[in-house]
Amino acid sequence: QVQLVESGGGLVQPGGSLRLSCAASGRIVSFTTMGWYRQAPGNERELVAVITGDGTTMYGDSVKGRFTVSRDKAYKKVYLEMNDLKRKETAVYYCDAREGGTYWGQGTQVTVSS
């Protein structure tokens, strides 16, 4: 069984920064990809950023240049550095990991508000 646990969410002012973390545990040694998605109320879940085992990254168009995804060497943790956050980016942010299937964390709330 695989478990993903996110942390680092919270309340931040517009223009501020947050760093999300996701730690994986369970039977899978490493994942093909790990990354982040988000879902705002009334919206579909959307891609934020993913990183592959060889370090290749991919970002949603709206976050390019502001967000950075990274991972640890063991590829059991993935991080999301978010800068210049905007109100419309208020959402639940989910960690995603893929290896023979797709695994999701419970999500962490990010609220961008003054």
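This is a predicted model: local features need pLDDT of at least 70, side-chain atom pairs count only at pLDDT 80 or more; totals for chains, interfaces and linings use all residues.
Close-up 1. Residues are numbered from 1 along each chain as its sequence is written, and side-chain values use heavy atoms, leaving out hydrogens and water. So what joins the side chains of R38 and E89? They meet in a salt bridge, at 3.2 Å from N to O; the term stands for a side-chain nitrogen of Lys or Arg within 4 Å of a carboxyl oxygen of Asp or Glu. R38 sits in strand β4 and E89 in the loop between β8 and β9, 51 residues apart, so this pair links distant parts of the chain. Helices (H or I, at least four residues) and strands (E, at least two) are DSSP runs, numbered from the N terminus. Look around and you'll find a network of salt bridges linking R38, E46, R66 and E89.

**Close-up 2. R19 and E81, a salt bridge between two strands.** A search of the whole structure turns up seven salt bridges. One of them pairs R19 with E81, whose closest N and O atoms are 3.6 Å apart. R19 belongs to strand β3 and E81 to strand β8, so the pair ties together parts that are 62 residues apart in sequence. R19 is partly exposed at 43% relative accessible area, and E81 is partly exposed too, at 29%.

**Close-up 3. K86 and D84, another salt bridge.** Here the side chains of K86 and D84 meet, at 3.4 Å from N to O. K86 is partly exposed, with a relative accessible area of 31%, and D84 is partly exposed at 37%.

**Close-up 4. F31 and Y103, ring against ring.** Three aromatic pairs come out of a search of the whole structure. Rings of Phe, Tyr and Trp (its six-membered ring) pair if their centres lie within 6.5 Å; planes under 30 degrees apart count as stacked, over 60 as edge-to-face and the rest as tilted. F31 and Y103 have ring centres 6.4 Å apart and planes at 65 degrees, so they are edge-to-face. Both residues are buried.

Close-up 5. Y94 is buried at 14% relative accessible area, whereas W104 is partly exposed at 34%.

**Close-up 6. Y93 in the nonpolar core.** A nonpolar core is a set of buried Ala, Val, Leu, Ile, Met, Phe, Trp, Tyr and Cys residues joined through side-chain atoms within 4.5 Å. The largest one here has 31 residues, and F31, W36, L80, M82 and Y93 have the most contacts inside it. Which residues does Y93 touch? Leaving out residues up to four places away in sequence, its contacts (heavy atoms within 4.5 Å) include W36, L80, M82 and V110.

Terms used: Buried means under 20% relative accessible area, exposed over 50%, partly exposed in between (1.4 Å probe, protein chains only).
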